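Subject: Structure for you to look at

Hello,

Here is the structure I promised to send over. Please open it, then read the notes below alongside it.

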Amino acid sequence: MTPIKTWLGYPYPLGATWLGNGVNFALFSEHATSVDLCLFDSMEAREENVRIPVTEHTDQVWHIFLPEVRPGQIYGYRVSGPYEPEVGMRFNSSKLLLDPYAKAIAGRVEWGDEMFGYVVGGKAEDLTRDFRDDAWGMPKAVVIDNAFNWSGDRKIGRPLAESVIYEVHVKGFTKLCPGVPAELRGTYAGLGSTWAIEYFKHLGVTAVELLPVHAHIDDKALVDRKLTNYWGYNTIGFFAPEAKYSSSGDLGGQVTEFKTMVRNLHAVGIEVILDVVYNHTAEGSHLGPTLAFRGIDNIAYYRLRTEKPRFYLDFTGTGNTFNLLHPRTLQLVMDSLRYWVLEMHVDGFRFDLASTLARDANGVNKLHAFFEIIHQDPVLSQVKLIAEPWDVGEGGYQVGNFPVLWAEWNGKYRDAIRSFWKGDEGRIGEVAYRLLGSPDLYQHDGKRPYASINFVTSHDGFTLTDLVSYNEKHNDANGEKNHDGDNNNLSWNHGVEGPTDDPKINALRERQRRNFVTTLFVSQGVPMLLGGDEFGRTQNGNTNPI
């Protein structure tokens, strides 16, 4: 095999960057002892055809330039260092790792015990290193060319106060839609199709809020039960569009297709907001797989318990918490946000479990560096910033407490309006506040009513039809004995749950749906409509379809 030419390269920008005369690779790892860049001929290859030692490192960034490499190259990393979980070190060069800055990710995880850095089922749990290679079953990063014809695209810049947000799942919206060409259903191209755009215009929405489109994985526990992670709150790549929503393949076509969707929506004045999950990753707890961050620098990327760094702090209910107290991890989040604005042209973000992003050693901190950096950033401070203002940790419920520039999902609005239309007594005073834009929450620190994102239903829990049709959740199909998902029902006590031929009950349900939607759109603040609620979409009482 002819040796590949290598130059020292540059420590910035991080990731794989096509420079026109070759590709620069740069990977941060503070505690690694060595790094190898692995190149693959194809996605079918069970092992790398070239492994190149990355010997140069500057300011804890390992970098190399390959003048012969072009866009489309498939790659991954192997990172060496101590495997000492007791002190937070989980390096394992037997495991192929995804680039945290990968702009495209191809393939899916083919689950096997090799995807874990430790010996699964061993007596020492995660303390014994697994030396088996896992490249055969790992997704890989793909070098892309960022060039795209944005001709005619413009920043819409619609004030938040004039916005009507439509929360929608890329796949779910068009998968069964006869108005979209069959080959485009369930994809970015489907969402940006002529039919979809005409539908959005007719509906009157000004922005689509896309449920997670960052590359994510299907958890092993779900795959073992022949289920999938439908919602996508299990991120493994913060720069890469999820490839399964692409009709153009996964070797970079997903990037171009996403950009085309944004351009088409912008052409008719519809903005694109992304639901982003920076609070945790898909690697889970100390018993989770080693896919990227854990094997690159576990101490830097995750919040570990001070007294027992083998274990993770978990404010998210997923097993880990991303470490935004580390400057390089915080940089990754900011670089990701700027990338989606500058390169992908999105118009804003909804931050999942946003309280976690502002946590330091003392709890949720309004002066956290996460806020400070965004507020002074000339790019990020000018886009729509929407917080889900809670997490599962102590003191995590922060509705009304996020700083200026931020709007919030107003959970108090949801609860008050549901309670009122159910007929609960003693809620009139609070309902008045919610109708007036929640001045008790937002009439301070320079905020106005549009800081309140008003909603009655969201992807979490019941659809609007199910909300007025079921007294309890019905998640039995998920295989978790109905223990999963939210049970945020209203207990209507109609005596009948689900579909019925009783015209009186159906009329009552239809009236309650109209009551909710009317209330939502006459309230001060910004309305958010859950995709499908406008035509009575049902999940048959399932609050967590997976």
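In helix H6, the buried residues are Phe293, Arg294, Gly295, Ile296, Asp297, Asn298, Ala300 and Tyr301. Keep in mind that this is a predicted model. H6 covers residues 293-301, and eight of its nine residues are buried, so the helix is largely enclosed by the rest of the structure.

Now compare helix H9, residues 369-376. Its buried residues are Phe370, Phe371 and Ile374. Seen down the axis of H9, they fall within an arc of 95 degrees, so they line one face of the helix. An α-helix has 3.6 residues a turn, so residues three or four places apart point the same way. The buried residues of H9 pack against H7, strand S17 (348-351), helix H8 (354-357), strand S20 (384-387) and strand S21 (406-409).

Next, a sheet. Four strands form an open sheet, ordered S1-S2-S6-S5, with antiparallel pairing. S1 (15-18) and S5 (56-58) stand at the edges; each has a single partner strand, so one side of each is left without a neighbour in the sheet. From one strand to the next, the twist averages 25 degrees. S5 is joined to S6 (residues 61-66) by three bridges, and the two run antiparallel. Thr58 has Val61 in S6 as its bridge partner.

Best wishes

Key
Residues numbered from 1 in each chain as written. Predicted model: local features only at pLDDT ≥ 70, side-chain atom pairs only at ≥ 80, totals over all residues. Heavy atoms only, no water. Pairing = 2+ DSSP bridges. Axes fitted to C-alpha atoms, helices over the stretch in contact; angles between N-to-C directions. Buried < 20%, exposed > 50% of the residue type's maximum accessible area, 1.4 Å probe, protein only. Arc of directions from axis to C-beta. Contact = heavy atoms within 4.5 Å.
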